[in-house]
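Please examine the protein shown below.

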Amino acid sequence: MLQSRTEVTVRYAETDMMGVVYHGNYLPWFEIGRTTLLREQGFPYRQMEADGFRLPVIEVQLKYRRPAVYDDTVTILTTMREKPGLRIKLDYEVMRGEELLATGSTLHAFIDHDGRPVRPPKAFATRMAEVFA
């Protein structure tokens, strides 16, 4: 299992008229968590894209439990529970301190620049085999 923690301070622009984070703004937070987790493992998105690989979202799930509001500091806990193959599944928890605000998951597939499914980069597959041995 791999985990990463990332903190985000809610910006005013991310809130609605009620001062609550607009529901669509949780997905960019998931992206922040995902890219941080991959970067921490030595696979920044920028480099993977330069090497010809892309990881589009092919499925997303999100459950809201409590609202985040302007100026909250939230923690995005990103977890990869299973060894990825052609696809990567990530789970997310958005927390304010110990309070769970939202949970979700994303599923991604490796594709090339033409949109065709491909195997992950060899170095990525090797690293994941080490982590999930």
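Y45, M48, E49, F53, R54 and L55 line the largest cavity, a cavity being a set of points on a 1 Å grid over the protein atoms alone where a 1.4 Å probe fits but cannot get out, with lining residues having an atom within 4 Å of a point. The volume of this largest cavity is about 40 Å³. Its lining comprises four nonpolar, no polar and two charged residues.

The model is predicted, so local features need pLDDT of at least 70 and side-chain atom pairs count only at pLDDT 80 or more, while totals for chains, interfaces and linings use all residues. Residues are numbered from 1 along each chain as its sequence is written, and side-chain values use heavy atoms, without hydrogens and water.

Nine salt bridges are found in the whole structure; the term denotes a side-chain nitrogen of Lys or Arg within 4 Å of a carboxyl oxygen of Asp or Glu.

R96 belongs to strand β4 (residues 87–96) and D72 to the loop between β2 (57–64) and β3 (73–80), so their pair ties together parts that are 24 residues apart in sequence. D72 counts as buried because its relative accessibility is 12%, whereas R96, at 23%, is partly exposed; buried means under 20% relative accessible area, exposed over 50%, and partly exposed in between (1.4 Å probe, protein chains only). A network of salt bridges links R66, D72, R96 and E99.

Notes: On a 1 Å grid over the protein atoms alone, a cavity is a set of points where a 1.4 Å probe fits but cannot get out, and a pocket is an open set with protein on both sides within 12 Å along at least five of seven lines; lining residues have an atom within 4 Å of a point. Grid points are joined across faces, edges and corners, and a volume is the space filled by probe spheres set on the points. Ala, Val, Leu, Ile, Met, Phe, Trp, Tyr, Cys and Pro count as nonpolar, Asp, Glu, Lys and Arg as charged, and the others, Gly among them, as polar. Helices (H or I, at least four residues) and strands (E, at least two) are DSSP runs, numbered from the N terminus.
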